[in-house]
Each structure stands twice: as structure tokens, then as C-alpha cells.
Amino acid sequence: MPEQDTADRRMTPAQEVANFLRGRQEQIAQRWADAALFRTVFTHSRDEAVEAGRAVVDALAAVASAAGVEDAEAGGFHVVREQLARTAASRARAGSTITQISAEVDALRPPVTELLVAELSGVSAEHLRECTTTLTVLMGTLRLVVLETALSDVEEVIDRQRLQLMEVATPVIKLWEGIVAVPLIGTLDSARSQVVMETLLNSIVEQHARFAILDITGVPTVDSLVAQHLMKTVAAARLMGAECIVSGIRPAIAQTIVHLGIDLSSVLTRASLADALAYALREQGTDIVSHDVAGSGPR
């Protein structure tokens, strides 16, 4: 029996692939440095791309040695997840879709496969097929790891943007000395209600406000959940030493609140933002003087 066939029997395909990756690490890294996934990220230095490629090859070799080629949670991947996350995130920020990133990772496989086939030219066809299959599975797992990190980063970006949008959509306006207002527009859910409460309470402290107006003219509907959020915000403002006024309750919303049996008797309400402001000004002892159109003086 030929010596090479005996070696084939002694070494598993995963071990064969691991040894191959370690032995050809530099060649693989050099080829990957010119691949789209690395080239478009490490644009200032090719050496950085090569170094990143070496780290990934090391990870693949460690995974193959542990015979975990199908395990995306294999220990070998842990050391390069941060590197893969940065690379995938950079591609995502550049406008690449998940499908494009997936294709770029898949493009790393052919150069490695070519080197593997050349490396194992003297082995049996069956053993070569097993090794190439193992490498294909391993590269598929790498693609899964990259996509997981890319999706996780995209989700984090979306969450940050959602929070920023909620903060922008929930401005706190200083109407007068000691009076702040939050004009609410759109639907209120738990997440946005929390942002409203935190933003309002911070403004009460910063502005030393005695009165806080929650104007819900732009809120389309009020259900029991929204009413609870409003009452919690009012209670929190009182704890901060400010009186909270809810304004802009439209007739349809008033009827809904009555039908739902929601008790807002402890909440100070006014028909409009102007009425709420006028009330707060009077409570602060500020005189409101009305002038006629001709400016002939107070009425």
C-alpha cells in the first residue's frame, strides 16, 4: 500500500485542512488581501489587510483542529469575531447589503480551495473530495459568523438611530422662565414614553421649571396604555417639584378616555397649549395683557 494512502487513513479531513491552513497561511492571507472584503476595508495599507487575513486563517485552522467546522460558536472564531465585526460593519456603512457581504465572504473560498487541491495532488480522489468538502463547510461557517456579526452591528445602528429619532421627535421647549413644554406628535409606546419622561425630567432640573406642559394635540389616539404613561410622567414631574399640565385633549380622545373608564381626575388638563401656558403664567404671577389690533392699549 502506498505511503500516501496510509497517511490518508491516519489523518482526518479536518486535521488535513487544519495543517494545510497553517502551512499556507501566508499565501492565503496574501490572496485574501486583494479580495473585496478586505481590500475595500483596509484601503490605506495592504499590510493591514494581510494581517487581518492571517488572523482569520489562524481562526479557521483552530476550528478545523477542534473538528468543529460546522460550529459558528467554536472557540477559534472568538478571537476574530471583533475583527470580522469591524470588517462587516465597515462594508455595511459603505452601503453594502447583507447579500453583498455574503457574496464577498464566499469569494474567499475559491483561492483557498485551489491551494488545497494543489497541496493534496498526491492523495486519493476520495480523500481529496472529503478534504475539499470539509473546507467548503468551514468557509460556510465563516460566512455565517460574518453575517451574524454584520446583522448584530446593523441592529445596534438601527437601535441607536431609533433612539435618536425619538429624542429628536420629543423636543422640550422652554416657553417662559420656569415653564417648559413637550409637544407630542405621533403614537406613544413604552420606549418613546420612557424617552419623553427622561427628557422632560432632565429639562425640569436644567431649567429649574415649576411647570411642565405635555401637549398631546398631535397624538392620534389615547388608549389605556398611553394614559398610564401620561399619568406616570405627571407623577414623576411632581416628584421633581414641577406641576405637570396635559393639554390638547381633543373631543374624540376625551370620549375615548370616558368610554375606557380612565380616571384622569388627578391630572391637570387644559384644552390647548395656549391655555396651559396662560394658566402657568398666571400661577407664577405674570400678568397677561391683551392689545387690540390697532395697538390702542390694553382692553
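Trainee: In which helix of the chain is confidence lowest?

Mentor: This is a predicted model, in which local features need pLDDT of at least 70, side-chain atom pairs count only at pLDDT 80 or more, and totals for chains, interfaces and linings use all residues. Residues are numbered from 1 along each chain as its sequence is written, and side-chain values use heavy atoms, with hydrogens and water left out. Judged by pLDDT, the predictor's confidence in each residue from 0 to 100, the highest mean, 95, belongs to strand β4 (residues 243–247), while the lowest, 50, belongs to helix α1 (residues 3–10).

Trainee: Are α11 and α12 roughly parallel or roughly antiparallel to each other?

Mentor: Helices here are DSSP runs of H or I with at least four residues, and strands are runs of E with at least two. Helix α11 (residues 190–207) and helix α12 (residues 224–239) pack with their axes 10 Å apart and at an angle of about 20°. Because angles under 35 degrees count as roughly parallel, over 145 as roughly antiparallel, 65 to 115 as roughly perpendicular and the rest as oblique, α11 and α12 are roughly parallel.

Trainee: Is G53 buried or exposed?

Mentor: G53 lies in helix α5 (residues 46–65), and, leaving aside residues up to four places away in sequence, G53 touches A29, W32 and F38, where contact means heavy atoms within 4.5 Å. Buried means under 20% relative accessible area, exposed over 50%, and partly exposed in between, using a 1.4 Å probe and protein chains only. With a relative accessible area of 0%, G53 is therefore buried.

Methods:
Axes fitted to C-alpha atoms, helices over the stretch in contact; angles between N-to-C directions.
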